[in-house]
Amino acid sequence: MAQPRHKHALDKPARSWKLPRRVVRVAAPVTAVAVLGASAAAVTWPEAEQQSVSAISMPRTAPSAQEAPDLRVEPISRSAKRVTLKAKPVPEVTDRLFTTARLNVWTRPTESSKLLEVLDWAEKVAVTGRTKGPWTEIVQDKKSRWVNSAYLAEKKPKPEPEPEPEAAEEEPATAVGDAPCAYGSEVESGLVPNGVAVYRAVCNAFPQIQSYGGYRADDGAHGSGQALDVMITDSATGDQVAEFVRANAGDLGVSEVIWAQKIWTVERSSEGWRYMEDRGSTTANHYDHVHVTVY
């Protein structure tokens, strides 16, 4: 008796073998042999053709160099014209002047630019004739540079005469006095020690000056007791006071002097007096008083 077959075995369709999806159709001659029966047919392949069919399942390879797109690149010509950057023109020299003091050289006509060097006294410099405010353009290493016009002269300055031995041993004319002022010491109230020293030195050297401004609350250096105003009635006396204080800056602890819209500072003493911007009035521009700031 025949063994019964399981249902799932009866329903399972016969496995059909299929070629991979990547099938390359190969045109090749075939020899067909007809087999009796309407439901089946057999095909036989020659041996050479069977070998070609075996390559059907091989993966695709990268396209050959002949199939790559034709990219044409222009060759670099060594004889082609090069593009060159134009250098800045060299400023034209129109004259030569002498420095009358040790003078700072700047990249541009402003104190916020870069300080390059300090020229020596009586050094000859090439100028272009171009000015901008208190600045003069000079030429160094074929480049434009700027200096303070106030310290340039057409003639070479003469050297200062050497003091005679007898005069050198004596006390200099700009001796600093420290005696209390004869007409009162109210100005000293609120001043730091260096401020008191400046006040006493000026009142002893210039007894004709009797008006001063010292401590003032909430007023910059005056508010900290580090500033003194020496009130002036004529410009000649103002010049003398300003030069006296500047000459004794080291002994008096002075950091800056302002007079007649010009400023001198210890940090930039090599520049001498520097011009200041217009502040709009005689007092604001310091034409009626010498302002002294101390450490």
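## Burial and the overall picture

A residue counts as buried when its relative accessible area is under 20%. Keep that cut-off in mind as we walk through this predicted model. By this criterion, tryptophan 135 is buried, because its relative accessibility is 9%. Across the chain of 295 residues, buried residues account for 30%.

The chain is built from six helices and 15 strands. If you take the contacts between residues at least 6 apart in sequence, 56% of them link residues at least 24 apart. The chain exposes about 21,600 Å², and 53% of that comes from carbon and sulfur atoms.

## Aromatic pairs

There are three aromatic pairs in the structure. In one of them, the ring centres of tryptophan 106 and tryptophan 135 are 6.5 Å apart with their planes at 85 degrees, so this pair is edge-to-face. Tryptophan 106 belongs to strand 4 (residues 103-106) and tryptophan 135 to strand 7 (residues 135-140), so their pairing ties together parts 29 residues apart in sequence.

## A lysine over a ring

One more ring is worth a look. Lysine 262 lies over the face of tryptophan 273, 5.8 Å from the ring centre.

Definitions and conventions: Residues numbered from 1 in each chain as written. Predicted model: local features only at pLDDT ≥ 70, side-chain atom pairs only at ≥ 80, totals over all residues. Heavy atoms only, no water. Helix = DSSP H or I, 4+ residues; strand = E, 2+ residues; numbered from the N terminus. Buried < 20%, exposed > 50% of the residue type's maximum accessible area, 1.4 Å probe, protein only. Contact = heavy atoms within 4.5 Å. Areas by Shrake-Rupley, 256 points an atom, 1.4 Å probe, with all protein chains shown as cover. Phe/Tyr/Trp six-rings, centres within 6.5 Å; stacked < 30°, edge-to-face > 60°. Lys NZ or Arg CZ within 6 Å of the ring centre and 35° of its normal.
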